[in-house]
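Hi,

Here is the structure I said I would pass along. Have a look at it first, and then read on for what turned up.

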Amino acid sequence: VQLQAYGGGLVQAGGSLRLSCAASGAIFSINTMRWYRQAPRKQREWVAVITSGGSTGYADSVKGRFTISRDNAKNTVYLQMNSLKPEDTGDYYCNAEVLDRSRRIGDYWGQGTQVTVSS
């Protein structure tokens, strides 16, 4: 199982970006999916979560500005980021709990996609 994240880039403050993360491989189903981010010289922090049933949760720092969603048919999770601030700058990572076709549960990470918000 692999996760591929993309959609990062350079944007001005107040702008928007949409991140995507597609899972591929011997997938039976995907449970919870999450986005994390890591700013330069800081620890990785949780950003948003979405369950298999579509329930969502957000870090206080992004609540009201970011929206997480998923397309189960495409095994893809999205993060719509609006009203971006310079403090949103960092590498964004997706994470998924995957039940593979051998019925084993694994925790998988995508590679980071870089988001830079200029002031």
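**What I found**

For a chain of 119 residues, a compact globule would have a radius of gyration near 14 Å, and the protein chain agrees with that, because its own value is 14 Å. Keep in mind that this is a predicted model.

First, the overall picture. Along its principal axes, the C-alpha trace spans about 50 × 25 × 20 Å. Of the 119 residues, 41% count as buried. Take the contacts with a separation of 6 or more: residues 24 or more positions apart account for 54% of them.

As for the surface, the accessible area of the protein chain is about 6,400 Å², and carbon and sulfur atoms hold 44% of that. On the charge side, there are 14 positive and 9 negative charges, and their mean positions lie 3 Å apart.

How many disulfides does a search of the whole structure find? It finds one, and it joins Cys 21 to Cys 94, with the sulfurs 2.0 Å apart. The S-S torsion of Cys 21 and Cys 94 is about 60°, so this disulfide is right-handed. Cys 21 sits in strand E3 (residues 17–24) and Cys 94 in strand E9 (residues 90–100), so the pair ties together parts that are 73 residues apart in sequence. Are the two cysteines buried or exposed? Both Cys 21 and Cys 94 are buried.

Thr 32 is in E4, and it counts as buried because its relative accessibility is 17%, under the 20% cut-off. Leaving out neighbours within four places in sequence, Thr 32 is in contact with Val 49, Ile 50, Thr 51, Arg 70, Asn 95, Ala 96 and Glu 97.

The loop between strand E4 (27–38) and strand E5 (45–50) holds Arg 44, and Gln 43 lies in the loop between E4 and E5 too. Which side of the cut-offs do they fall on? Gln 43 has 72% relative accessibility and so counts as exposed, the limit being over 50%. Arg 44, at 37%, counts as partly exposed. Not counting residues up to four places away in sequence, Gln 43 touches Arg 37 and Gln 38. With those close sequence neighbours again set aside, Arg 44 touches Tyr 36, Arg 37, Gln 38, Tyr 93 and Trp 109. If you want a distance to check on screen, Arg 44 and Lys 74 are 27 Å apart in space, C-alpha to C-alpha, and 30 residues apart in sequence.

Last, a couple of backbone angles. Ser 83 has a phi near 50°, which is a positive value in a residue other than glycine. Ser 83 is in the loop between strand E8 (76–81) and E9, and at 42% relative accessibility it counts as partly exposed. Arg 103 also has a positive phi, near 65°, and is likewise a residue other than glycine. You will find Arg 103 in the loop between E9 and strand E10 (105–109).

Cheers

Methods: Residues are numbered from 1 along each chain as its sequence is written. This is a predicted model: local features need pLDDT of at least 70, side-chain atom pairs count only at pLDDT 80 or more; totals for chains, interfaces and linings use all residues. Side-chain values use heavy atoms; hydrogens and water are left out. The radius of gyration is taken over C-alpha atoms; the globule rule is 2.2 Å times the number of residues to the power 0.38. Buried means under 20% relative accessible area, exposed over 50%, partly exposed in between (1.4 Å probe, protein chains only). Contact means heavy atoms within 4.5 Å. Accessible areas come from the Shrake-Rupley method with a 1.4 Å probe; for residues, only the protein chains shown count as cover. Lys and Arg count as positive and Asp and Glu as negative; His and the chain ends are not counted. The place of a charge is taken as NZ of Lys, CZ of Arg, CG of Asp or CD of Glu. Helices (H or I, at least four residues) and strands (E, at least two) are DSSP runs, numbered from the N terminus. A disulfide is a pair of cysteine sulfur atoms within 2.5 Å.
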